[in-house]
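Subject: Structure handover

Hello,

Here is the structure for you to look over. My notes follow below.

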Amino acid sequence: MKPGMRLVAAACFGVFSMAALIADGASPALRAPVFGPRPRFLFTHEELDAWRADPAKSNELAQIAARAEALLSARRAVPDREGQWIFYYACPADGARLRPESPLAHRCPVCGKMYTDERTVAAWRTLVFNELDSEVRDMGIAYGLTGDERFAARAREILLRLAALYPSFERHDRWGRTGLLAVVGGRRYSQLLDEACGVIQLAAGYDLAAPAACFSDGDRRLIEEKLLRLIARETGLFQHFIDERCNHQTWFNAAYAAVGLVTGDEELMREAICGSRGLMFQLASSVTDDGLWYEGAIAYHFYALSAIQTTLDAARRAGWDFSSNGRLKSLWEGPSKISYPDGSLPVFHDSDRASLANYRSFFEWAGRYFKDPVLAAMGRGDFASEDRKPSAVLADTGIAVLRRNSGKDAVCAMMDWGKHGGAHGHPDKLNMVLYALGRELALDPGRISYSVPEYRTWCRTTAAHNTVVVNGADQDESDGALLHFEETGSFVSCLAAADRAYPGLRLSRWLLLTDGWLLDVFAVEGRKSSEIDLLFHCRGEVGGAEDFAPLEKPLEGSGYGHLKNIRSAPGRKEAAFEFRQPDGRSLRVTAAGDEGGVFLLGEGIGYTLNDRVPCLMRRRKAASTVFVTLYDFGTDGGPNRLDLLHGEESGKELPPWQAIGVRVSGERGSCVAGVDFRQNPSGRAKVAGHQIRRMAFCFEEPRR
Ligand SMILES: [Zn+2]
Ligand SMILES: [Zn+2]
């Protein structure tokens with residue numbers, strides 16, 4: 001097949017399938033794109049004029065010009081060899097990003113080690129290429145705003161040099177494969193993704209600089225054919241080796257849209273929107289019904305969103321508007337469903353610590369694009385409504401978000417039962433995170449960094465999560481199920497189960513959140529005896545473990561080697577621990593039913609390698625068992641006491657992993673809660689005389 005033929009075929013398919021793919025705001029087919037005069041991508045002529053005429057923007061204009069002058073005098077050389085994976089530009093010992101001392105020598109700022117190997121040097125060239133891509137864009141903008149030909153000439157110089165070099169670069173990937181074997185690799189960069197991201201910057205800068213007198217028609221042809229469209233065409237050929245749902249494809253689409261708009265290529269533009277892997281396809285297949293990217297990590301959500309914004313910006317310039325598409329808009333509305341009361345976000349799967357406020361510019365963009373006042377307010381940094389949001393089930397993503405109370409007493413617990421999350425998912429079924437006392441207490445470390453071994457040996461283990469580990473092994477990749485969710489005036493509760501996380505074992509977790517405490521009942525049901533650990537990674541200074549004795553030998557199990565300073569004590573029928581916070585408040589954790597088991601207390605890893613987070617582990621040897629825990633926020637006249645109650649049916653006692661009840665009692669009265677864990681509850685089970693269909697909760701006496 002001739003290069004480009006596949007694109008034609010894909011584009012034709014796209015046109016016919018449009019109506020089926022657009023969820024709402026459907027248009028039967030896209031009319032021909034409009035290619036206005038240059039510049040037409042980041043800014044139009046009129047927009048540049050308006051900017052220049054706006055006194056409020058004169059400072060910004062001066063900064064842009066000054067920065068362009070600085071780049072001009074630095075005049076970075078264009079590397080004449082290929083780049084390597086950017087994550088290789090880090091010290092393997094401590095994860096620190098290296099610093100160049102010369103093009104061939106790179107030093108670790110943390111441990112001082114010098115790296116001169118080809119892989120490191122090539123990774124550094126990627127860094128330089130990235131900077132040059134941005135420079136072309138910035139020079140284009142500076143020229144557009146100032147009309148200073150020197151800026152356009154510098155953009156031209158880089159673009160022509162790249163156009164001359166590009167065909168001579170050999171396809172390669174980060175695993176050392178070259179030529180046609182490097183199917184997900186690139187020429188200048190080691191991955192196709194980077195080629196796509198780079199060409200967007202080049203196209204944007206070219207679009208602004210190309211009207212300058214220093215560009216001949218021949219220059220423009222060369223840059224468009226031998227650089228911009230060549231990269232887009234090759235991406236189109238090799239994209240078939242990459243999962244059509246993933247965020248890389250989203251960037252490929254953005255590259256097609258940008259290059260298509262800038263070079264006036266209708267075929268590329270259609271590929272971006274309605275190609276077989278285009279934006280409309282991804283909206284239908286890569287976005288959950290909850291408005292979250294299917295990979296389940298917020299970092300990738302916004303990474304994909306960034307590409308989508310680029311695609312939509314380019315499409316809008318060509319006269320294509322999708323602002324009435326509700327499924328599209330849901331992508332900007334989804335993240336706040338899972339934010340903590342302070343606007344920060346839990347770090348599930350391959351994510352980093354982040355807050356909605358970090359993504360303000362996205363909401364600002366969406367406020368404009370969709371003309372939506374709520375998104376526009378978030379874009380201005382107004383997250384005031386954040387702390388009184390309703391609880392939510394993100395059924396398609398597989399996360400239940402339980403919220404109670406507000407202001408400084410706002411509490412939020414989330415359970416991840418759901419989708420594994422593709423390549424960026426972790427073996428973390430029934431993982432729970434907790435926000436209370438004004439901060440995130442129980443956490444998931446996310447990905448830390450792809451550059452450090454702990455990414456595999458810790459982040460991607462079950463032990464790094466607040467869930468059950470059986471026989472020290474990681475859970476299998478699987479999807480769980482939500483069995484119950486209920487919200488009333490006094491509590492919010494959810495029950496989820498995972499049958500395939502461990503072969504032959506059923507895991508169920510029931511959370512019940514009130515204003516003052518969270519009840520957590522984790523049931524494990526199996527046939528043969530196993531070592532069952534429930535882990536709880538929680539910030540704070542731990543009290544209640546003064547009698548624990550240091551453990552002689554390290555724990556065995558996947559990820560367990562990272563648990564340090566382990567102390568242990570025999571389990572007890574009831575034990576209370578405190579996680580004291582810097583402001584003097586404490587999370588009081590009451591554990592019940594550990595007689596015959598063991599308590600282990602150590603320190604795991606948080607968001608960085610130096611971030612030590614206490615980990616309380618409860619270990620039992622059993623075929624089936626139930627861990628009952630009460631997390632008391634101290635806002636309910638506590639401390640509260642915990643008693644276990646039997647579940648019964650027709651006068652017969654049920655094993656606790658089938659049905660169990662608890663009584664929580666404190667100064668302000670007592671209440672009884674019960675749950676039936678069975679796949680098909682009979683509806684006749686009882687706890688302390690109260691009938692439980694799936695679960696029950698009631699106050700035994702009036703609240704004082
Ligand atoms: Zn180092
Ligand atoms: Zn995780």
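In which loop does Thr-514 lie? Thr-514 sits in the loop between strand E14 (506–513) and strand E15 (517–525). Helices (H or I, at least four residues) and strands (E, at least two) are DSSP runs, numbered from the N terminus. Thr-514 is buried, at a relative accessible area of 7%. Buried means under 20% relative accessible area, exposed over 50%, and partly exposed in between (1.4 Å probe, protein chains only). Leaving aside neighbours within four places in sequence, Thr-514 is in contact with Arg-404, Val-411, Ser-490, Phe-491, Phe-633 and Phe-697. Contact means heavy atoms within 4.5 Å.

Some ground rules. This is a predicted model, where local features need pLDDT of at least 70, side-chain atom pairs count only at pLDDT 80 or more, and totals for chains, interfaces and linings use all residues. Residues are numbered from 1 along each chain as its sequence is written, chains are lettered from A and ligands numbered from 1 in the order in which they are written, and side-chain values use heavy atoms, with hydrogens and water left out.

Zinc sites

Take the zinc ion (ligand 2) to begin with. His-426 (ND1), Asp-444 (OD), Asp-444 (OD) and His-465 (NE2) coordinate the zinc ion (ligand 2), at 2.1 to 2.6 Å. Donors are N, O and S atoms within 2.8 Å of the metal (3.2 Å for Na, K and Ca); water is not among the atoms, so sites may look incomplete. The angles between the four donor atoms run from 50 to 163°, which makes the arrangement around the zinc ion (ligand 2) irregular. For reference, four donors count as tetrahedral if all angles lie between 85 and 135 degrees; four count as square planar and six as octahedral if opposite donors are over 155 degrees apart and all others between 65 and 115; anything else is irregular. The sequence spacing of these donor residues is H-x17-D-x20-H. His-426 lies in the loop between strand E8 (411–416) and strand E9 (431–436), and Asp-444 in the loop between strand E10 (439–442) and helix H15 (454–459), so the pair ties together parts that are 18 residues apart in sequence. His-426 is buried, at 0%. Asp-444 is buried too, at 0%.

Now the zinc ion (ligand 1). Its donors are Cys-91 (SG), Asp-94 (OD), Asp-94 (OD), Cys-108 (SG) and Cys-111 (SG), at 2.1 to 2.8 Å. Their spacing is C-x2-D-x13-C-x2-C. Cys-91 is buried at 1% relative accessibility, whereas Asp-94 is partly exposed at 23%.

Domains and core

The protein is divided into domain 1 (40–93 + 119–242) and domain 2 (390–633). Those bounds come from an automatic or database domain assignment. The domain centres, taken over C-alpha atoms, are 46 Å apart.

The largest nonpolar core has 187 residues, of which Phe-322, Trp-332, Phe-536, Leu-587 and Phe-633 touch the most other members. Such a core is a set of buried Ala, Val, Leu, Ile, Met, Phe, Trp, Tyr and Cys residues joined through side-chain atoms within 4.5 Å. Helix H6 (residues 192–209) gives the most to this core, with 11 residues.

Helix H4

Helix H4 (residues 118–146) has 29 residues. H4 reaches 41 Å from its first C-alpha to its last, close to the 42 Å expected at 1.5 Å a residue. That expected span is 1.5 Å times one less than the number of residues. In H4, 22 of the 29 residues are buried, so the helix is largely enclosed by the rest of the structure. Gly-147 follows H4, with a positive phi near 75°.

Best wishes
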